[in-house]
Amino acid sequence: MRSDPKSPEGFAEFVAERSGSLVRAAWLLTGDAHKAEDLVQVALVRLWERWSGVEEPGAYARRVLYTTYMTWWRRRWRAERPSAVVPDAVTRDDVEGDAVVRLAVRGRLARLSSRQRAVVVLRFFEDCSVEDAARVLGCSTGSIKTHTSRALAVLREDDVLRTLMDEGVVL
Amino acid sequence: MKCLHELLADAVPELPEVDRLAEVGRRVRRRRRARGVVASGVVVALTAGALVGAQWFGSVREDPVATPPPVVTKPVLECPPRVQERPFPRPELADGPVADESAVNALLCVYDGMYGGGPVTVTPIGIEHDVANVVRAMNALAPMTVDQMRNIGCRLPATPEYQIVLGYPDGRQQLVRMDPKCSVLYHDTAIRYGDARRPLEEFSAIVRADGRESPYLSGSW
């Protein structure tokens, strides 16, 4: 039996059900497990403080997560942008290797600006519409479309991802 | 064929399992403490003579934010097949509470037929709220001296025996034997003297409040 959604038990259920996907999105934003946990914790603490009054806890937690990420990146992480090592020559066998693709995706994400990265994660990992992404990030839909286009262009610059795209992956 | 969603999902490594609810609790408590320190500093500054602006500073106070509930797990309790033996009298058994009041569930085990030579039947009944009332009734019984422990007198042997199993959120369990006919209550590291029916009556009151019948009836000892 589910608890009253506004009760403390409802919060516990929300954390149990949703924190896993939040932390995965946070990892894609930060590229670091500790920072991802930290980000999710900030979102959950804020959510708890307003728990009884929040209508859509999932949307609220997501908004806090992304806005906190943008704020932190401006303040603390500017000098900490990771860069991945991508193989120089890409062969077909390499492309089929999941590890290489994973590294390529991580490497390309690291090259995106914080806002482009947030847009990519929102649109393509969380499957948000342009309108929803604009609402979460507090910007216009035009801005989301621009960032999406530029981010996808950066992803396509990668040999591995371009090869996948030639094989039909939608980028 | 993979889409970008899958590529992104695959890019996320295995992340460690974290008790996020407990961590939220820790952070909320830390924030409250930090706010408390700020508020205390402001009060000191005010009492130092800063009357001007006192109203403004006076509005700084701790948010009435509760700590999120810990995830309460209730252990599965079972009645032991036999009753616990009374511990050997030792002075240290007189001190300290019988059990901790943080128990989250409890099981009353009633043992019938122990003295008839036939099969013993064990009747269990559980409660999952107000367990602290039962524990408080246990702890309220008086400590015994070693001499008292050695000279415990018992009456009416052919009656049921009672034990209560207490469950704690961390999975711990504590078995407490109630022996009203000997006016004692004990487990392996505690023994108390007095009306050992009191915890049984508290337990039964909770069972009856739930609309169930208690296997312990007042005076059935």
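Reply: The following account concerns strand β4 of chain B.

The model is predicted, so local features need pLDDT of at least 70 and side-chain atom pairs count only at pLDDT 80 or more, whereas totals for chains, interfaces and linings use all residues. Residues are numbered from 1 along each chain as its sequence is written, and chains are lettered from A and ligands numbered from 1 in the order in which they are written.

Strand β4(B) covers residues 161–167; strands here are DSSP runs of E with at least two residues, numbered from the N terminus. Seven of its seven residues are buried, so β4(B) is largely enclosed by the rest of the structure. A residue is termed buried if 20 or more other C-beta atoms, placed from the backbone, lie within 10 Å of its own. In a regular strand the side chains alternate between the two faces of the sheet. Both faces of β4(B) are covered: one side carries Glu161(B), Gln163(B), Val165(B) and Gly167(B), and the other carries Tyr162(B), Ile164(B) and Leu166(B).

β4(B) also has two pairing partners to consider, where pairing requires that DSSP find at least two bridges between the strands. With β1(B), residues 105–112, the pairing is antiparallel over seven bridges, and Gly167(B) of β4(B) stands opposite Asn105(B). With β5(B), residues 173–179, β4(B) is joined by six bridges, again antiparallel; there Tyr162(B) has Met178(B) as its bridge partner. β4(B) and β5(B) form a hairpin with five residues between them, and in the turn Gly171(B) has a positive phi of about 95°.

Definitions and conventions
Buried ≥ 20, exposed ≤ 12 C-beta atoms within 10 Å, placed from the backbone. Helix = DSSP H or I, 4+ residues; strand = E, 2+ residues; numbered from the N terminus.
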